[in-house]
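Subject: Handing over the structure

Hi,

Here is the structure I promised to pass on to you. Have a look at it first, and then read on for my notes.

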Amino acid sequence: MIYFDHSATTPIHPDVLKKIHEVNRDFFANPSSIYKTGRKSRLLVEKARTQVANAIGASSEQIYFSSGGTEANNHVLWQIIKQEKKHVIISEIEHPAVSKVLKEIETYGIEVSTISVNDQGVVKIEELIDLIKDETTLVSVMMANNEIGAIQPIKKIKQILKKYEIPLHTDAVQALGKIKVDVKELDVDYLSLSAHKFYGPKGIGALYVKDKDDLGSLIIGGNQESGVRGGTENISGIIGMGLAAELVTKNQDKWIKNLKELEGYFLEKVEHHLPHAIHHKTDNLPGLISISFPGKKSNILMAKLDRANIAVSNGPACSSGNIQPSSVLKAIGLSDDVNLSTLRISFGKNNTIEEVDYLIKTLKEIV
Amino acid sequence: MKETVIIGMSGGVDSAVAASVLKDQGHNVEAVFMKNWDEDDTEFCTAAQDYKDALQACDTLNIPLRSVDLTKDYWEKVFKIFLEECKAGRTPNPDILCNKEIKFKAFLDFAFELGANKIATGHYSMIVEKDQLYQLKKGKDINKDQSYFLHRLDQFQISKSIFPIGDLSKDIVRKKAKDLDLLNYDKKDSTGICFIGERNYKNFLRKFFDVYPGEIIKENGEVIGEHDGLMYYTYGQRQGLGVGGGHGKKEAPWYVSDKIIDENRLVVVQGQDHPSLYHTHVKASNVNWISGDAPNEDFGITAKIRYRSNDTPCKLEHDSKNTFIEFENPKFAIAPGQSIVFYAGDTCIGGGYIETRSNKNIS
């Protein structure tokens, strides 16, 4: 299979795979146990915490492991119902792991306002200022969008919020491995990560929290994760995530360079061979391309690419594998027809020019 | 000839075995799961589970599975009409429209766009081509025969379709499924209207429109009870009237004989033999003839007034709009809105919607 769907998930890095296997084999002891093997498990977990912290410029005590990006988001967002202030602001292009959570939280008497995006998929900062109230207790804006790759002005948003002393959460699951993520520079209060988006294992993620005092629990149980996230640690997942994060720190510049080359090459070929295609150009994540083929249906295109053994995506799939017009593409002003003719191609570190050539050749045949 | 056949895979045992039969016949087989109903706000719709079952079946059979979302088509072309019919106090059958508009139209179009030469489904019915005329035959398993639901198809639709298990019995289909290691071999047959499934019909309908309770009356106008809303009742219905009779009582049970829509009243009569429950004449509208033409009157035609009713000999007359059916013997509980479907022997020749019923010639 030729895989161009790295925004959905990435193949696990071979070093990470090896490490997970070793950990599962050799270090089964509970990190909370005080005997020798338990202490070893604890050390490995704490090393991973440092590796994740290093990848985003944090310190290790600011990192809390979770079951993934979705849990990390939920962890932050559900704290809202305990606050005195009852207003929260999100962008209109958040992943359901934020937008749907807020829908649920609304039923607890929380008011939610939405910042819209321009035709590049970037939130309109001027709207943010109008939406802020005395009651605003949190703003949550993703670092980069999963469908169109639009990078959001997180640093600027924080500069505005600082005046009002409103904390900022950012869902950064699409960002790490593709753009620089530095919590100090961004100055965010909370940031969510998911390991499987950067060649780590699935089922593990982390939440960065600037100041631990601001964080309550979501999953309540034992005293793990400084008491804010109960449950015996997913040791192999955590260690896998730690190594994947370290590989990001070491290799990200190289990966980004490759992604940019592939993207440039692909778009050049598209312009030449597929002149009717519309590329939704944004200040995007490198290697993530949202492209429409007017007059074609994306589910037909996907099926034909699948026959050619090529994996791409066409919007958020639901439980029965179906495709609805994407709300994100709607938000940047696409008509339903163009919306449903859109493919998302997301390159990864292992993709090659030859694979892109094959993609272009196949697209030429089926479009 | 090796054709590309795209099969509508429902997650049930019938379409799975149908796919396997097609493979054995040497076709290039792909599968598509149709999503016709948006289940997001309900816990009853089983689409997600059905999709998983379809995925497993396709994995076992080693054929690719794709999905298509036809919820919009279904809503516009099937569900809206279902609601209108309910509001009018009629007894609609959305599965018939689903075949005509969705499975053998929207899905067919999708499959052809994907490069199919033909589509297939797991229906228990058979197709025979004679002199370039395509005939729709009853399924060989007469208990399972689904030709009733397919009677609104036309020549084009039938000519592009294959029913690979139409000549098999359900028992054989289940046995084949088991032999093939299909995990859904003993999955329960789906029952009822697909979008309602097992859920409470009354609660479901209540979400879509206001329902007005009214009087239940005898034929002489005497009020003997209250109904929950005319659309919840069908002609010949006995259960759920709440007007006595029935279990453990000496009095004969009551049956719905008529609905007076303007007055929002439900008319009931006592005893299954009551003459008001029986009619000899039916006026049917929008009749579809599968061959494209109305039949020659001369040969023996039978009709079903609902799925699973007996084939009853009848005579037909037509005017420019309607078909008039006369049964030799009166039929029980003929329901306006239901489809009356015509057969010549084991060939389904077409059918239409029951408009009115009576005991005299109304042509």
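In chain B, 66% of the contacts between residues at least 6 apart in sequence join residues at least 24 apart; two residues are in contact if their C-beta atoms, placed from the backbone, lie within 7 Å. For chain A, the share of such contacts that join residues at least 24 apart is 72%.

Before you go further: this is a predicted model, in which local features need pLDDT of at least 70 and side-chain atom pairs count only at pLDDT 80 or more, while totals for chains, interfaces and linings use all residues. Residues are numbered from 1 along each chain as its sequence is written, and chains are lettered from A and ligands numbered from 1 in the order in which they are written.

Now the two chains in outline. Chain B has 7 helices and 17 strands, where helices (H or I, at least four residues) and strands (E, at least two) are DSSP runs numbered from the N terminus. Its radius of gyration is 22 Å, close to the 21 Å that the globule rule gives for 363 residues, so chain B is as compact as a globular protein of that length. That radius is taken over C-alpha atoms, and the rule is 2.2 Å times the number of residues to the power 0.38. The C-alpha trace of chain B spans about 65 × 50 × 35 Å along its principal axes.

Chain A contains 12 helices and 12 strands. Its radius of gyration of 21 Å agrees with the value near 21 Å for a compact globule of 367 residues. Along the principal axes, its C-alpha atoms fill a box of roughly 60 × 50 × 35 Å.

As for burial, 43% of the 363 residues of chain B count as buried, and in chain A buried residues make up 50% of the 367. A residue is buried if 20 or more other C-beta atoms lie within 10 Å of its own, exposed if 12 or fewer, and partly exposed in between, with C-beta atoms placed from the backbone.

One helix pair in chain A is worth a look. Helix 8 (residues 235-273) and helix 12 (residues 353-366) of chain A pack at an angle of about 25 degrees, with their axes 10 Å apart. That makes the two helices roughly parallel (angles under 35 degrees count as such). On the helix 8 side, the residues that meet helix 12 are Leu262(A), Tyr265(A), Phe266(A), Lys269(A) and His273(A), and their partners are Ile353(A), Val356(A), Ile360(A) and Lys364(A).

Ile148(A) sits in the loop between strand 5 (136-140) and helix 6 (154-164) of chain A, and is buried, with 27 other C-beta atoms within 10 Å. Beyond its neighbours within four places in sequence, Ile148(A) is in contact with several residues, including Gly121(A), His280(A) and Val328(A).

Most residues other than glycine have a negative phi. Asn309(A), however, has a positive phi near 70 degrees; it lies in the loop between helix 9 (298-307) and strand 11 (310-311) of chain A. Asn62(B) has a positive phi too, of about 60 degrees, and is found in the loop between helix 2 (47-61) and strand 3 (65-69) of chain B. Asn309(A) counts as exposed, with 11 C-beta neighbours inside 10 Å, and Asn62(B) is exposed with 8.

Best wishes

Terms used: Axes fitted to C-alpha atoms, helices over the stretch in contact; angles between N-to-C directions. Parallel < 35°, antiparallel > 145°, perpendicular 65-115°, else oblique.
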